[in-house]
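This report describes a structure through its cores, its ligand site, its backbone and selected residues.

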Amino acid sequence: MPDRLIDLRSDTLTMPTPEMRRAMAEAELGDDVFHEDPTVNRLEALAAERLGKEAAVLVTSGTQGNLVGVVSHTQRGDEVICGDQSHVFHYEVAGCAVVGSVQLRTVPNVDGMIDPEVVRAAIRPPDIHAPRTAVVCIENTHNRNGGVALTPEQTASVAAVAHERGVPVHLDGARVFNAAVALGVDVRLLTAPVDSVTFCLSKGLAAPVGSVLCGSKEYIQVARKYRKLLGGGMREAGIIAAAGVVALSTMVDRLAEDHANAHRLAEGLANIPGIEIDPKTVQTNLVFFDVTSPVGAPTLVAGLRDRGVSCMVSYGRRIRMVTHYGIERSDIEHTLRAVQEILVGVPVGAR
Ligand SMILES: Cc1ncc(COP(=O)(O)O)c(C=O)c1O
């Protein structure tokens, strides 16, 4: 048994680094609703600069970032185009409908992408009977599609058809730094084609709380008002932002380690009878695989828990494992031995 739980359920489980904890303790603070928190201001300036946008606003979570991000583009009765496997559609409690009074219209997601021609056809012409298409949402990396990274060209191709019709594009970039690292490109190439982008500090970048929404100055002014409406004006939020500054400054390049661990995990799993996975589809830190063994996914998850590894059934026979800061190569090897033991009865290397 490992001396601690190897928790592969999510990269949101990352704990702050010692440098983050020090920065939080020593952060210069003010009231952020008055724009007077120097540490929040520093984080917002840094985030805007890193993503190549004019301005940024700290929000509480990725969900709040998408909600504020979408409704700041829309009016009551508008329509939002998004992927049918997108996070905003599946996992955000219909917030855009509840708060923004907009309807989500889904188009198929294939390998994280939405087809520009399908988007073109879905954008409504002006018509007294139809809602106005107000924004197109994309997601990078794409969670339900296995953490795949959209390239700058893919991003630009969706943005081009939206912009042709005067429709802005919002990027759910919860893990956009994972995409940039996996593709080996400056993140700005992934954000330049879009009008707004939100990214999470609290996932692979290991900060305890927070996301940042970036866009034009004018747009971020609107977004600040929606953030306030949602109760996201957090006063001395520099405590949180201090960790965010450390996250952005020190934690981006190391995401490559998580990706390498995810690859090793995928390759090891592919060699275990009763598991179905194509390691080539694992591009970043999310590993999805199917349990074809009669043992079944729930029993595998329970057996792993008994062996010090935590993970989740995603849906049906599909399990998700996520690599992140705090998960070492030896943890991956332990996990593979445990899976082998549960499904085949003999630990790897014991034959
Ligand atoms: C792609 C994507 N967008 C948004 C979110 C929401 O982030 P949060 O959990 O901070 O609300 C997540 C969370 O896992 C995500 O994977």
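## Nonpolar cores

The largest nonpolar core has 54 residues, and those with the most contacts inside it are Val-136, Phe-177, Phe-199, Leu-201 and Val-212. Helix α11 (residues 238–250) gives the most to this core, with 7 residues. Apart from that core lies another, of 28 residues, including Ala-262, Val-291, Leu-300 and Leu-304. A nonpolar core here is a set of buried Ala, Val, Leu, Ile, Met, Phe, Trp, Tyr and Cys residues joined through side-chain atoms within 4.5 Å. Buried means under 20% relative accessible area, exposed over 50%, and partly exposed in between (1.4 Å probe, protein chains only). Helices (H or I, at least four residues) and strands (E, at least two) are DSSP runs, numbered from the N terminus.

The model is predicted: local features need pLDDT of at least 70 and side-chain atom pairs count only at pLDDT 80 or more, while totals for chains, interfaces and linings use all residues. Residues are numbered from 1 along each chain as its sequence is written, and side-chain values use heavy atoms, with hydrogens and water left out.

Contact means heavy atoms within 4.5 Å. With neighbours within four places in sequence left aside, Val-136 is in contact with Ile-81, Ile-114, Val-119, Val-158, Ala-162, Val-167, Pro-168, Val-169 and His-170.

Ala-243 lies in helix α11. Ala-243 counts as buried because its relative accessibility is 0%. Leaving aside neighbours within four places in sequence, Ala-243 is in contact with Met-20, Met-24, Ala-207 and Pro-208. Between Ala-243 and Glu-92 there are 25 Å in space, C-alpha to C-alpha, and the two are 151 residues apart in sequence. Glu-92 is one of the residues around the ligand.

## Ligand site

The residues around the ligand are Ser-61, Gly-62, Thr-63, Asn-66, His-87, Glu-92, Glu-139, Asn-143, Asp-172, Ala-174, Arg-175 and Lys-203. A residue is listed if one of its heavy atoms lies within 4 Å of the molecule. This shell divides into 1 nonpolar, 6 polar and 5 charged residues. In that division Ala, Val, Leu, Ile, Met, Phe, Trp, Tyr, Cys and Pro count as nonpolar, Asp, Glu, Lys and Arg as charged, and the others, Gly among them, as polar. Helix α3 (residues 62–71) gives the most to the shell, with 3 residues.

A polar contact is a pair of N or O atoms within 3.5 Å; within protein, one must be able to donate a hydrogen and the other to accept it, and residues adjacent in sequence count only if both atoms are side-chain atoms. An N or O atom in the side chain of Thr-63 is 2.6 Å from an oxygen atom of the ligand. For the side chain of Arg-175, the distance from an N or O atom to an oxygen atom of the ligand is 2.8 Å, and for a polar side-chain atom of Asn-143 it is 2.9 Å. Taken alone, the ligand exposes 390 Å², and the protein buries 84% of that. Accessible areas come from the Shrake-Rupley method with a 1.4 Å probe; for residues, only the protein chains shown count as cover.

## Backbone features

A cis peptide bond, with omega about 0°, joins Asn-140 and Thr-141. Thr-141 is placed in the loop between β7 (133–139) and α7 (152–164).

Val-93 is not a glycine, yet has a positive phi of about 55°. Val-93 lies in the loop between α4 (87–90) and α5 (95–100) and is exposed, with a relative accessible area of 73%. Asp-111, also not a glycine, has a positive phi of about 50°. The loop between β5 (109–110) and β6 (113–114) holds Asp-111, which counts as exposed at 58% relative accessibility.

Asn-285 sits in the loop between β11 (275–276) and β12 (286–291) and is buried, with a relative accessible area of 0%. Beyond neighbours within four places in sequence, Asn-285 has contacts that include Arg-175, Asn-178, Asp-258 and His-259. The side chains of Asn-285 and Asp-11 are joined by a polar contact of 3.0 Å. Asn-285 and His-259 are 4.9 Å apart in space, C-alpha to C-alpha, and 26 residues apart in sequence.

Phe-89 lies in helix α4 and is partly exposed, with a relative accessible area of 38%. Leaving aside neighbours within four places in sequence, Phe-89 is in contact with Cys-82, Gly-83, Asp-84, Leu-104 and Thr-106.
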